[in-house]
Amino acid sequence: MNTLTRILVTTVAIGLAASGVARADGTVEVLHWWTSGGEAKAVGELKNAFENQGGKWIDSPIAGGGGDAAMTALRARVVAGNPPTAVQLKGPGIQEWAAEGALNDVDAVAQAESWDGVLPPVLAGIMKYEGKYVAAPVNIHRVDWFWANPEVLAKAGITEMPKTWDEFNAAADKLMAMGITPLAHGGQPWQDATVFEDVVLGVGGADFYRKALVELDQDALTSDTMVKAFDQLRKMRGYVDANFSGRDWNLATAMVMKGEAAFQIMGDWAKGEFLAAGKVPGKDFLCAPTPGNGFVLNSDSFTFFKVSGEDNLKGQQVLASLIMSPGFQETFNLAKGSIPARTDVALDKFDSCAIRSHEDLVAAVASNSLVPSMAHEMAISRSVRGEFLDLVTNFFNSDMSSADAAKMLADAVKRAQ
Ligand code: GAL
């Protein structure tokens, strides 16, 4: 070895040791539900980056927005004693699997790379179990968004994005009168719940949201405010087209793109769809927060299941480090529609919707109006969330009264706790 080579080899070795990674390779089997246009593009960035480091990526996508099908598949794999090495998982689900003893921690990587110093405390807390990092966050998604087609709005003389539910209803009534579908929606329980939680925030505000959807307070669940939220949801039911039932969320986004509907209420993974189709924010589509002056938080993260074998264990460490690298957080989130989980990544390359998301996030933290998404598994256990989804979907697809819905929801939540 000549002197130059020796210096280079030593430098690389020190660099890798400092980042907590022994060697940049390993194998990962990754279970995720990112199969729509924008989602596939984003997860493709992770796959490429992992392979570029010399790793082997085995892709295990389970289609189904919101991840309910993926979670069922995960349970089956674990029961069969054959868990995937890395799994897209979030919120209390991380704690539930960790408590079952199913997860490996990646704390050595996290400590070597000082994750505590670069993650918002609220997110760092979600990623840890008994003080150790068991998950690595890729992003911060916002759930409370309107997406709209500006040409369609212009046709109906709507010049501004709605700031209150009354303004939304007025705009929707105008569109209806012109024979235009106001709201593109996919009738799947998680999508119904997504609209519902945004309505709860808008009708009740952040404190009410927290009481009802996070703390599961019986008084809040049976309150007049909750009845009002169901009243607004009942109105929304009148604004969707006849074929909404079962429709995938990305097909609802496509309706807005094609001008077949005016609005969609969906998290900013919808922006990933617009971008993947070459659409430009502010020109081809508009974004604005739904009412409530809050921020409904959803963050995607990866967990590392208990697997054996040097190659798999190495894969987990390398993937964790890669996910948290600033370069990856930028590339991935530009495709996904979200913003980086790390607070130290510059947003220069991000569009106006992402900048708005970041500004509102900071403001929501300051005013204590940041709330975790119930629909996207950030707030409550899977079983209680299941009760919300069942009730909200039943309500959306029947003529149940708002008062009955609030009462039945409160009872179901009590039973499930
Ligand atoms: C969410 C997830 C997003 C997006 C969406 C639709 O739960 O956090 O990343 O993929 O589901 O599939």
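These legends describe close-up views of a predicted model. Residues carry numbers counted from 1 along each chain as its sequence is written, and side-chain values use heavy atoms, with hydrogens and water left out. Local features need pLDDT of at least 70 and side-chain atom pairs count only at pLDDT 80 or more, while totals for chains, interfaces and linings use all residues.

**View 1. The two domains of the protein chain.** Domain 1 consists of 3-141 + 299-353, and domain 2 consists of 142-297 + 355-416; these bounds come from an automatic or database domain assignment. Between the C-alpha centres of domain 1 and domain 2 the distance is 29 Å. Domain 1 brings 30 residues to the contact and domain 2 brings 35 residues, where contact means heavy atoms within 4.5 Å.

**View 2. Area buried between the domains.** About 2,600 Å² is buried between domain 1 and domain 2, with 59% of it on carbon and sulfur atoms. Buried area here is the accessible area (1.4 Å probe) that two parts lose on being put together, summed over both. Of the area that domain 1 buries against domain 2, 24% comes from H141, D351 and C353, more than from any other three residues.

View 3. R385 and D68 pair their side chains in a salt bridge at 2.9 Å, N to O.

**View 4. Surroundings of the ligand.** The ligand is surrounded by 14 residues, the closest being E39, K90, D300, K336 and H376; a residue is included if one of its heavy atoms lies within 4 Å. For G66, a polar backbone atom is 3.1 Å from a ligand oxygen atom.

**View 5. The salt bridge of E29 and R77.** The structure holds 21 salt bridges. In the one between E29 and R77, the closest N and O atoms are 2.7 Å apart. E29 belongs to strand β1 (residues 27-32) and R77 to helix α3, and the two are 48 residues apart, so described as distant parts of the chain. Helices (H or I, at least four residues) and strands (E, at least two) are DSSP runs, numbered from the N terminus.

Key:
A salt bridge is a side-chain nitrogen of Lys or Arg within 4 Å of a carboxyl oxygen of Asp or Glu. A polar contact is a pair of N or O atoms within 3.5 Å; within protein, one must be able to donate a hydrogen and the other to accept it, and residues adjacent in sequence count only if both atoms are side-chain atoms.
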